[in-house]
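Please prepare a careful report on selected contacts, ring pairs and helix packing in the model shown below.

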Amino acid sequence: RRDRQYTMRSSSAEPTRVGPARLLRRAARKVGGFTASVVITGITSLLTIPIIVVFAGAQSWASIAVGQTIGVIATVFIGLGWAQLGPTVIARATRIERARYYGESVAARAIAYLLAIPLVVFVASVLAPTVDDSSLTVLGALVAAFLATSTPWYFVGTGDPRGLFLYDAAPRALGAWGGALATIPTGNGIAAVVGIAAGNLAATVFSFAVIKHREGPATRFTLRELFHAVRGQQAGIGIGVFSTIYQSLPLLIVSAAFPSSTAAYALVDRLRQQAVTSVTPIAQSAQGWVPQALGAELHRRVRIVRNIALGLGALGAIAFATLAMPVGSALGGGAINIGPDLAVPIGATFGLSISTLIIGSACLIPLGRAGAVARSAIVGTCTIVIALAVGALAPSPGAVALATAIAQSAVLAVQLWSLHRALRTPAGPDPEPQE
């Protein structure tokens with residue numbers, strides 16, 4: 001398999017154990033650095049909502065949100081698994097390997113985005129909540145899909161929180177704020193989408209320029225070699241495709257079956273997404289730290305991260321279920337309200353998502369079990385389809401939210417079982433190859 005040339009290498013390995021105090025200081029510095037990007041992204045995403053709702057209308061915001069959900073689904077096909085496998089590969093690769101890996105990703109994702117545009121436009125047009133605002137849904141989908149061309153995973157893999165903030169998070173935040181503020185004089189949701197698009201484009205261009213300067217030009221490769229590079233991303237593609245389907249499908253179903261509840265479900269789902277984003281600094285730090293170890297030290301780091309993931313998941317579920325209703329009411333400007341039928345199951349989904357995010361990206365993938373993460377996503381997709389079918393007997397937005405929590409529980413169960421089996425395997429001198 002083509003990905004073995006990267007994942008079997010660990011030139012920066014740190015087999016020597018680090019004391020708990022020193023380990024804690026290192027982790028705190030790294031998490032603190034990545035937190036800056038999460039804070040600016042989260043604040044921007046949440047605080048621009050009431051501006052758009054008040055000046056462009058709740059229906060316009062809901063149309064944009066549905067389009068963004070469609071675009072997010074498209075990103076996993078366009079991204080071709082680089083976001084899932086990239087951090088671990090970059091953390092272990094040499095400079096020459098990083099340049100080639102990044103160059104292949106840029107070419108492959110650019111082609112995929114261009115090919116996906118017609119399908120994204122068609123799906124967004126069909127699933128738009130209202131005919132009047134269908135243009136907002138289409139534009140929102142295309143802009144969100146373009147995120148697949150960005151490269152935050154490179155900065156995560158190199159352990160560079162400053163680069164992630166300056167060249168990815170900050171440009172996107174400035175664009176989103178510009179778009180939201182533009183709705184005040186115009187009263188038009190299209191202004192918000194245009195601002196987001198400008199920020200996303202700037203982030204992609206800045207990141208490309210910086211990475212090319214650091215790593216140098218990639219070696220030339222043919223279309224045949226590019227095809228083989230994409231084949232090497234199969235596990236990452238599976239992870240992205242199936243995990244995004246079971247996470248994004250509920251909002252699309254609510255939009256189609258319960259149009260009057262779309263705004264409330266879109267808001268609680270956005271809160272969940274931002275809440276998950278708030279813990280990504282921990283996952284990002286672990287993604288850059290765990291793969292650098294070998295053998296028994298690698299297993300030790302995985303166990304530490306697993307325990308942190310489970311603890312954070314439990315605390316996160318309780319906090320979200322408690323705070324979602326008052327926070328949602330405030331952000332919705334009184335026009336959108338979240339009830340306990342949505343807050344509690346989505347809170348459980350959030351807590352479970354924390355655990356699966358960290359365990360999948362920072363434990364299983366560094367152990368060479370990317371295939372197990374993909375299988376867990378497939379199980380989640382099958383589970384939510386079954387749960388939604390059962391919930392159709394008493395259809396409601398709350399039933400859809402409960403199906404989401406059940407699916408995420410199945411994902412965590414598969415990941416924990418796979419991790420248990422992986423850790424029972426004797427630790428060898430080198431990391432295991434990707435499945």
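## Contacts, aromatic pairs and helix packing

Leaving aside neighbours within four places in sequence, Thr381 is in contact (heavy atoms within 4.5 Å) with Phe242, Ile245 and Tyr246. Thr381 is found in helix α16 (residues 370–391), where helices are DSSP runs of H or I with at least four residues, strands are runs of E with at least two, and both are numbered from the N terminus. With a relative accessible area of 12%, Thr381 is buried, a term that means under 20% relative accessible area, whereas exposed means over 50% and partly exposed lies in between (1.4 Å probe, protein chains only).

This is a predicted model, in which local features need pLDDT of at least 70 and side-chain atom pairs count only at pLDDT 80 or more, while totals for chains, interfaces and linings use all residues. Residues are numbered from 1 along each chain as its sequence is written, and side-chain values use heavy atoms, with hydrogens and water left out.

A pair of aromatic rings is described by the distance of the centres and the angle of the planes. Rings of Phe, Tyr and Trp (its six-membered ring) pair if their centres lie within 6.5 Å, and planes under 30 degrees apart count as stacked, over 60 as edge-to-face and the rest as tilted.

| Pair | Centre to centre | Angle between planes | Class |
|---|---|---|---|
| Tyr101 and Trp153 | 5.9 Å | 80 degrees | edge-to-face |
| Tyr113 and Phe146 | 5.4 Å | 80 degrees | edge-to-face |

The pair of Tyr101, in helix α5 (residues 95–127), and Trp153, in helix α7 (residues 152–157), links distant parts of the chain, 52 residues apart, and both Tyr101 and Trp153 are buried. The pair of Tyr113, in helix α5, and Phe146, in the loop between α6 (134–145) and α7, likewise links distant parts of the chain, 33 residues apart. Tyr113 is buried at a relative accessible area of 14%, and Phe146 counts as buried at 19%. One aromatic cluster is formed by Trp82, Tyr101, Tyr102, Trp153, Tyr154, Phe155, Tyr167 and Phe208.

Helix α14 (residues 295–331) packs with helix α17 (residues 397–424) at an angle of about 160 degrees, with their axes 11 Å apart, which makes α14 roughly antiparallel to α17, a class for angles over 145 degrees. The contact is made by His299, Val302, Arg303, Arg306 and Leu310 of α14 together with Leu412, Leu416, Leu419, Ala422 and Leu423 of α17.

Key. Axes fitted to C-alpha atoms, helices over the stretch in contact; angles between N-to-C directions. Parallel < 35°, antiparallel > 145°, perpendicular 65-115°, else oblique.
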